[in-house]
Each structure stands twice: as structure tokens, then as C-alpha cells.
Amino acid sequence: MSSGFEYVQHPRRALPPPIPERKGPAAAFLPGTFHPINPKNIAASHDQVLLSGWGKFVRWLLVLLSILVIIIGINLILDGVYGFGTFSTTQMYQVAKDPLIGVLIGILATALVQSSTTTTTLTVTAVGTGIVSVPVAIPIILGANIGTTITAMLVAFSYVGERREFKRAFTVAAMHVWFNVLVILVLFVVELLFHPFRTISGAIATEITLQTGGSLPTSDVMTKIFDPPTQLLGMNGLIGSIGNPSISAIVCLVVGTIFILLAVRAMSSQIRTITAATVTSIMDKVINPENSPKATILSNFWSFILGVLFTLMVTASSVTVASMQPVAVSGVVKQKPLLGVILGANVGTTVTAMFATFAIVSDQGEFAIQAALIHLIVNFTGALLVLCIPQLANVIIHLAEKTANLTARSYSITLATIVTAYVLVPSAVLMIYFFI
């Protein structure tokens with residue numbers, strides 16, 4: 001190429017358009033993968049995105065724009081709720097008043113949108129509007145924890161054809177599954193019986209709002225910045241011009257939800273691209289057995305911290321877990337450090353929902369904080385139990401390895417089982433619940 005740049009592209013992806021002449025790498029900041037030197041062919045498991053300074057700058061702008069869109073989406077949902085009426089909107093979530101149904105809603109919604117962050121953010125926002133109570137939100141949030149595990153299992157199918165690699169990749173995904181299933185099974189029962197997480201989170205949320213005069217500390221700022229675009233788009237603006245208040249309110253709810261869903265995915269994608277090469281290098285250094293030859297408590301701890309930090313950067317636990325699969329396939333890292341990263345990922349993914357609470361300016365903000373805190377406390381408690389009880393970690397790893405051995409026998413049966421468990425069964429149960 002006359003520009004001296006070539007793309008380094010994943011072999012299974014279609015090549016992007018060539019870089020225009022005399023434009024240099026800046027013209028390719030959105031496709032993103034290029035290198036100033038003609039490279040050798042990069043294996044799929046080591047594919048990384050190398051960006052120019054201009055490429056990173058543009059992507060950070062897209063991240064900032066995504067954050068703004070998320071907050072506008074939250075405000076549109078609030079606007080729609082107020083226009084719809086409390087009684088009507090309350091009926092929307094009455095179907096989730098049964099805890100088991102709430103869990104299934106969380107699993108199905110997250111499996112379909114491929115993002116627990118989106119599900120929990122929307123649920124926390126619903127709590128902030130007053131249409132969902134904290135007890136109703138808890139099962140949905142916990143169900144989202146299980147639903148997000150489908151992503152890494154689907155990613156494992158990129159190793160189809162190499163059964164040894166597939167088993168190693170699927171073991172990582174299965175560790176994510178078994179950790180979440182066991183944690184939710186135990187802690188959900190504890191919560192139903194004794195309500196410890198609701199009590200602790202409620203006390204913290206109350207203290208936060210008391211310290212800030214009964215409202216969230218960001219309420220004034222958020223109102224000044226985001227009230228104008230909300231007025232322009234919402235019930236008093238473009239959407240309100242529809243004429244029918246009920247239809248306008250529904251449109252507000254739908255548009256706000258779409259804004260959040262698209263913005264979360266866009267933000268995760270851009271941050272993942274920005275940090276890909278750097279984070280992979282950090283992972284290799286922190287959890288490489290040369291630095292921690294045995295899966296000691298210290299190596300598990302650092303792996304946990306790495307999982308938290310990486311997930312904070314990419315805003316998606318499923319991305320962190322999927323990123324561990326090539327590491328597992330290489331066979332140079334033991335299972336316990338990988339499990340430590342997965343535990344950290346589950347804690348790191350709670351931050352976006354916490355962030356969403358600061359965009360809520362209604363008098364229900366305290367309950368939104370409480371719902372987000374429950375997500376954090378449950379995930380942190382589960383991670384702490386596994387980190388402190390080696391036998392529990394061994395059980396999760398053993399179950400994951402057995403699961404991977406079974407799945408490697410038949411790819412088609414495995415895929416059918418995943419779709420059935422995450423989509424078909426929850427859908428069928430919900431349909432029966434609605435119509436009977």
C-alpha cells in the first residue's frame with residue numbers, strides 16, 4: 001500500500017476497505033486493526049487491535065457519547081413513567097413479583113441482549129422510577145448473573161474442530177457458569193429466608209441519601225445538564241407531539257430502553273478495542289505461572305484484582321471471561337488463577353449499574369442505589385467465599401472440567417442444550433405463567 005500500512009485482521013473476519021491513499025492510519029480509526037510494518041499472519045487466539053493515537057482519541061469520544069446516551073435514556077424512561085402513571089407502569093413488572101419468574105426474566109433478557117450490564121442497568125432504572133420494588137428487582141438482577149454466562153460458552157465454539165482446545169476454552173466458560181449458578185442458588189435462598197442483602201444495602205443507601213440532604217449527590221448537576229435534551233425529546237417535546245399521552249409514554253419507555261441497550265454495547269465495544277493489547281500484556285504478566293508457579297492465595301488474589309480492573313475497563317464480565325479462553329487454550333496458566341479472574345469479573349461488572357443510579361434524579365433514587373448495591377454485595381460475597389474456601393474453588397473447577405468433557409463429545413447437542421436452557425425453557429415457563 002502506498003501509505004505503508006496494512007491491516008492485521010482476524011482470519012475469520014472479512015477484510016475492511018483499504019486505507020485511502022495519502023490519508024494514513026487516521027482514515028481507518030473505526031475499522032481499527034492495522035500495523036505500520038507488514039506483519040506475519042496472527043493466530044486467532046492472539047488477534048489484537050493496534051490503534052493510532054487518533055484512533056484511540058475518536059474511540060474515547062464514542063465512549064463519552066455512549067455515557068451521555070445512557071443518561072439520556074434513563075431520563076427518557078423516567079419521563080415516560082411519569083407520563084404513563086404509577087398504577088399503569090406498576091403492572092408491567094407485576095409479572096416478576098414471583099421470585100422464580102424474576103430470575104427467569106433476568107436469565108432470558110440477558111441471554112437475548114448478551115449483556116448483564118444492560119439488564120441490571122434497566123432494572124435499577126426501573127427501581128428509580130418507582131415501577132419496580134427492590135424485592136422484585138433482586139431476582140431479576142440475580143437472574144442476569146446467570147444469563148451473562150451464555151456469552152463465553154458461545155465464544156468457545158470458535159474452537160470447534162480442535163476438541164482439546166474446545167475443552168480448555170469451554171472449561172473457562174463452565175467455571176463462569178458453575179460459580180454463578182452455585183452462588184445464586186445459595187445466596188438467593190439465604191436472601192429469601194433472612195433478607196441480609198436487602199437489609200445491608202438499605203442501610204447504606206439510606207446513609208448516602210441522608211448525607212446528601214435526601215437526594216443523590218449528583219441530582220442537581222444531572223438536572224441542569226440533561227433536563228434540556230429530555231424536554232426536547234420526551235413527553236414535553238418530540239415524543240409528546242404524538243398527541244396521545246399513553247402512546248407517548250410507551251414510546252418514551254421504549255426509546256429510553258433502546259438508548260441504554262445500544263449505548264452500553266457501543267461503550268463496551270470501544271473500550272474493549274482501546275484496551276485490548278495493553279490488558280492482554282498485563283494478564284500475561286500477572287497470571288503467568290512464571291510469576292506465580294503455584295496457585296497460591298496471593299496469585300488468586302492478584303488474579304481477582306486483575307479481573308475487577310479489566311471488567312471496569314471493558315464494562316462487561318462476559319468480555320473478561322471470553323478473553324481468558326485463549327489463555328486457557330495455550331495451557332500456560334493453571335485453573336485457579338483463571339477462576340480468580342472470573343470472580344473479579346463478576347464484581348467489576350456491577351459498577352455500570354451503580355453509575356446509572358447517579359443519573360436518577362427522582363425521589364426513588366435511594367431505592368435505585370439499594371438495588372445496585374445488592375448486585376455488588378451478592379457478587380462480592382460469592383467471590384469472597386470462593387477465594388477463602390479452597391474446597392469450594394476445587395468443586396467449581398471439577399464441575400467445569402466434567403462439563404467440558406461432556407460438551408466436547410457433541411457440539412450440536414451442546415449448542416442445543418445451551419439454547420434450550422437459556423432461551424427456550426425460560427420463554428416457555430414465562431408464557432405458561434402469563435396465560436394460565
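The structure is a predicted model, in which local features need pLDDT of at least 70 and side-chain atom pairs count only at pLDDT 80 or more, while totals for chains, interfaces and linings use all residues. Residues are numbered from 1 along each chain as its sequence is written, and side-chain values use heavy atoms, with hydrogens and water left out.

## The chain as a whole

The chain has 17 helices and 0 strands, where helices (H or I, at least four residues) and strands (E, at least two) are DSSP runs numbered from the N terminus. Of its 436 residues, 48% count as buried; here buried means under 20% relative accessible area, exposed means over 50%, and partly exposed lies in between, with a 1.4 Å probe and protein chains only. When contacts between residues at least 6 apart in sequence are considered, 80% of them join residues at least 24 apart, a contact being heavy atoms within 4.5 Å.

The structure holds 0 disulfides, a disulfide being a pair of cysteine sulfur atoms within 2.5 Å.

## Helix α5 and its partners

Helix α5 covers residues 134-147 and packs against helix α15, residues 365-388, at an angle of about 40°, with the two axes 10 Å apart. Axes are lines fitted to C-alpha atoms, for helices over the stretch in contact, and angles run from 0 to 180 degrees between N-to-C directions. The helices α5 and α15 are therefore oblique to each other, given that angles under 35 degrees count as roughly parallel, over 145 as roughly antiparallel, 65 to 115 as roughly perpendicular and the rest as oblique. The crossing of α5 and α15 is right-handed; a crossing is called left-handed if the near helix is turned anticlockwise from the far one by less than a right angle, and right-handed if clockwise. On the α5 side the contact is made by V134, I138, I141, L142 and N145, and on the α15 side by F367, Q370, A371, I374, H375, V378 and N379. By class, this contact of α5 with α15 has 8 nonpolar, 4 polar and no charged residues, where Ala, Val, Leu, Ile, Met, Phe, Trp, Tyr, Cys and Pro count as nonpolar, Asp, Glu, Lys and Arg as charged, and the others, Gly among them, as polar.

Helix α5 also meets helix α7, residues 163-194; their axes come within 9 Å and cross at roughly 165°, which makes α5 roughly antiparallel to α7. This crossing, too, is right-handed. The residues in contact are I138, P139, L142, N145 and I146 of α5 together with N180, V181, I184, F188 and E191 of α7, and by class the contact of α5 with α7 has 7 nonpolar, 2 polar and 1 charged residues.

## Selected buried residues

| Residue | Relative accessible area |
|---|---|
| V132 | 4% |
| M153 | 6% |
| T119 | 7% |
| T407 | 9% |

V132 lies in the loop between α4 and α5, and although V132 and F367 are 235 residues apart in sequence, their C-alpha atoms are 9.6 Å apart in space. T119 is placed in helix α4, residues 116-129, and, leaving aside neighbours within four places in sequence, T119 is in contact with G106, A109, T110, V113, I140 and A144.

M153 lies in helix α6, residues 150-156, and, not counting residues up to four places away in sequence, M153 touches F170, A173, V177, I418 and Y422. The C-alpha atoms of M153 and I418 are separated by 8.2 Å, with the two residues 265 apart along the chain. T407 belongs to helix α16, residues 390-407, and, with residues up to four places away in sequence not counted, T407 touches F166, F170 and T414.

## A loop residue with positive phi

H195 lies in the loop between α7 and α8, the latter spanning 196-211. H195 has a positive phi of about 55° although it is not a glycine, and with a relative accessible area of 29% H195 is partly exposed.
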